[in-house]
Structure formats: structure tokens, C-alpha cells
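I opened the model to look up two things. The entries cover strand pairing and aromatic contacts.

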Amino acid sequence: MGRFSVITLTDAAASRVVEITSSREDALGIRVGIKKGGCAGMEYTIDLVTEAKPGDDVIEKNGSKVFVAPEAVLYLLGTEMDFEITKLRTGFVFNNPNQTSACGCGESVELTPARPEALTPAIS
């Protein structure tokens, strides 16, 4: 039985993580988290990982490693992480089912924690 992943990565996101980490000698991957801030209340954070922290959830795809901060897990459950290049913006994009709104500039979001009971399959 496969292990449940907090988030999934698109091929584009995995490729970008590999690009970022391959140019830094001591990098293991990137860490995705959340913090309070912005006009909508929360912001996604992305940091370079040189050392895993206890409790980190690790997602691996195509040679990339994404560490999810433990305090962010309930807010990121079911999220797809993508990487996009457009005329106006280049960066990671989070398609998050727990996002209830976003500010107009797109820098901050409103998130509600996932309900743990939604993760357990119903028994009929």
C-alpha cells in the first residue's frame, strides 16, 4: 500500500526544484510552509533545505525533494504544487482545496485546515 502524500508535484514543479537544488552544494530540497501575513491572512513560504527537521513530511518526485513543515500539513492537504512561467509572473503555484479566498495581488491567501475525518475512507 502506498504512502499518502500531503501534496503532489507536477512535473514542472519537480523540475524546478531539481534546478534550484542542483546549483547549491548542500541543498537537500525545498521546504514548503505557511505563515501569517498579507491582506488575506496567510502566505505560502518556500525555503531551501540543507537539513531535514523532525516531523517534516517529504515528497519525492523525479529526483526532487519537497519537505512540508509539520505546522502546515492540515492547510496543505490535497494541494497540487505546480511551476508556471507567464508573461507577468514566474513561480510556484499552489492549487489548494483548503484555500477559501486570495487577495487581489495574489500574494496572500485565506486557508482553512483540512478536516482529518475527510481523509479516512467511509465504511459502508
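I took buried to mean under 20% relative accessible area, exposed over 50%, and partly exposed in between, with a 1.4 Å probe and protein chains only. This is a predicted model, so I kept to pLDDT of at least 70 for local features and 80 or more for side-chain atom pairs, while totals for chains, interfaces and linings use all residues. Numbering starts from 1 along each chain as its sequence is written, and side-chain values use heavy atoms, with hydrogens and water left out.

Entry on strands. I used DSSP runs, numbered from the N terminus: helices are H or I of at least four residues, strands E of at least two. Two strands pair if DSSP finds at least two bridges between them. I looked up S2 (residues 29-37) and found 7 of its 9 residues buried. S2 pairs with S3 (residues 41-49) in the antiparallel sense over 9 bridges, and Lys35 stands opposite Glu43 there. S2 also runs parallel to S5 (residues 64-68), joined by 3 bridges, with Val32 opposite Val68.

Entry on aromatics. I counted rings of Phe, Tyr and Trp (its six-membered ring) as paired if their centres lie within 6.5 Å; planes under 30 degrees apart are stacked, over 60 edge-to-face, the rest tilted. The whole structure gave 2 aromatic pairs. Tyr44 and Phe94 are stacked, at 4.3 Å centre to centre and 20 degrees between the planes. Tyr44 lies in S3 and Phe94 in S7 (residues 90-95), so the pair ties together parts 50 residues apart in sequence. Both Tyr44 and Phe94 are buried. Phe83 and Phe92 are edge-to-face, at 5.4 Å and 65 degrees. Phe83 counts as buried because its relative accessibility is 16%; Phe92 does so at 12%.
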